[in-house]
Amino acid sequence: MKKNYKKYEEKARYLRRKVLEMCVKAGTGHVTSSFSCVEILVALYYGGILKYNPKNPKWEKRDRFILSKGQASPILYVILADLGFFPISACDKFCCADGMFGVHLQNDVPGVEITTGSLGHGLGIGAGMAYIAKEEKKDWFVFVLLGDGELYEGSVWESALFVSHHKLNNLVAIVDRNWLCVTDFTENIVKLEPIEEKWESYGWETKRIDGHNFEEIFDALKGVKERQTEKPLVIVANTIKGKGVSFMENKILWHGIAPKGKEAEKAIKELK
Amino acid sequence: MKNEFKNKTMRDSFFDRLYELAKEDKNLYLISADMGAPSLDKFRKDLKKQFINVGIAEENMVLVATGLSLCGKKAYIYAIMPFVTSRCYEMLKVDLSLMNIPVTAIGVGAGFGYDDSGPTHHCTEDITIMRVLPNFHIFSPSDSFMAYKFAEITYKLKSPSYIRLDRKILPQLYNEKNDFSDGLSILKEGKDFYIIGTGNMTHRAIEVSEELEKYRINAGVIDLYRIKPINEKLLTKTVKNAKGIITIEEHLLAGGMGSAVIEVLVDNGINLPVKRFGVKDKYLYAYGGRENIQKICGLDKNSVVKGILEWSKKI
């Protein structure tokens, strides 16, 4: 029987709206990069996958979630506020002089593990954390969300080798495969496909899913902490950059900007 | 005093102390980018769990160290100097400097230490690029005892640090009486000038000062072993009554130690003539030993003395 994911879908819709409102108000922010990974983050944070404690963000037993594609900070900030890591009012001051945070992710915000914005850092830092968790037999996990364009960074592959060599199966990487970079589609810039084969040759187990389909996301994440294989897992999630706002979806020119004026009104309307 | 450091490289002295510290503290990790050292063999053997070889992957080395540090570990990373600085510079900036992560980067081969290896292995820009990174401490030892003590000092730091070790054994200058908390040491008081050296060039400064005596020039010698933060108070207090300052570094002049000294003087309103000796805006395919390369750069004793004599006539 098909499970009902309505509450997650509603949450995703609400979060997209909050992200949009926040970025429209600030006149900046990576809306489309945030929208491609909303369902993935909803599943992780609201679907019982990640262990966390908003009252104690540095809780030792928490799972470490690393948003390596730091430009998607708006969606993570909105989620952390929604979960009570800090007041939701902080989102109204996105990029403001008296605000808590700006366009890219910063580690002094409660619930954020590391500063990102420059790509190619998250997997290696997550690897260091997973290495210690493994050594010390801790039961917390490391989840790293990477952008697909981030896979161009050589450091990602240095880290990928390290993770599989040390059998860090307590680390799960998720690639937000939205097919778009800043100026063009990835396959026009420099081909990334076949992505799974690349990770597999580096010693990883791979899964490919629809990153907007909760059934597929939960299926991929099910039992992720009880896997018997020593191989680390990477989930390549096919997504649509700008998902949720028809005229922003899969469009090159919407990278890193927030809609203005009538376009903003139209976008907000689509998410109501 | 015991001369256990007399015939020991800085690297071995540093790692010997690190080994002792790591034996006491299981949270101390050493990460190597496929670099070895005789003194590392026992670390690798006895403290297997605290040693990680990431392979020739310096960017990942910084990243893994950051992850370790965020889990409460004290991590040291180790490679030849160009590879632990410029090669992974953006990681040092974003992960260590920006997030103020107390990882210590150990580089070996300051200046032309890898003389026969050519400019890919020379390191003559590290001071410039590392000293602009906020939160970083930079240590530039001038003997093996100092390198040994720097293992302790960096172990206690709550911010990132970088230590530039000379590859060669340098004459011993210090002993247990020195705790290196001042950031610089006045090896000789001077009436006319002060010559400031760092690392191996501290020894050149001593030689030059001795030579200048023949010309009735009394030049003091300062060993600037902590390049960041500079002890501005002690430095300015020491040199303010001199007639001029000379800096010597086996490093590019642009932004190097001499530049750092000038910044301190200017910021403190000390208007003194300064003569800098260093490498002039070039990389060198030069061989025939380190001294030969120094000669080409005008960093040998005679060139420096000559340069000071000419300069002193003009000021």
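The radius of gyration is taken over C-alpha atoms, and the globule rule is 2.2 Å times the number of residues to the power 0.38. The views below show a predicted model, in which local features need pLDDT of at least 70, side-chain atom pairs count only at pLDDT 80 or more, and totals for chains, interfaces and linings use all residues. Residues are numbered from 1 along each chain as its sequence is written, while chains are lettered from A and ligands numbered from 1 in the order in which they are written.

**View 1. Overall dimensions of chain B.** For the 315 residues of chain B, a compact globule would have a radius of gyration near 20 Å, and the 19 Å of chain B agrees with this. A box of roughly 60 × 40 × 40 Å, taken along the principal axes, is filled by the C-alpha atoms of chain B.

**View 2. Secondary structure and interior of chain B.** Chain B contains 12 helices and 12 strands; helices (H or I, at least four residues) and strands (E, at least two) are DSSP runs, numbered from the N terminus. Of its 315 residues, 51% are buried, that is, 20 or more other C-beta atoms, placed from the backbone, lie within 10 Å of the residue's own.

**View 3. Fold and dimensions of chain A.** Chain A has 10 helices and five strands. Its radius of gyration is 18 Å, close to the 19 Å that the globule rule gives for 272 residues, so chain A is as compact as a globular protein of that length. The C-alpha trace of chain A spans about 50 × 45 × 45 Å along its principal axes.

**View 4. Interior of chain A.** Buried residues make up 48% of the 272 residues of chain A.

Notes. A residue is buried if 20 or more other C-beta atoms lie within 10 Å of its own, exposed if 12 or fewer, and partly exposed in between; C-beta atoms are placed from the backbone.
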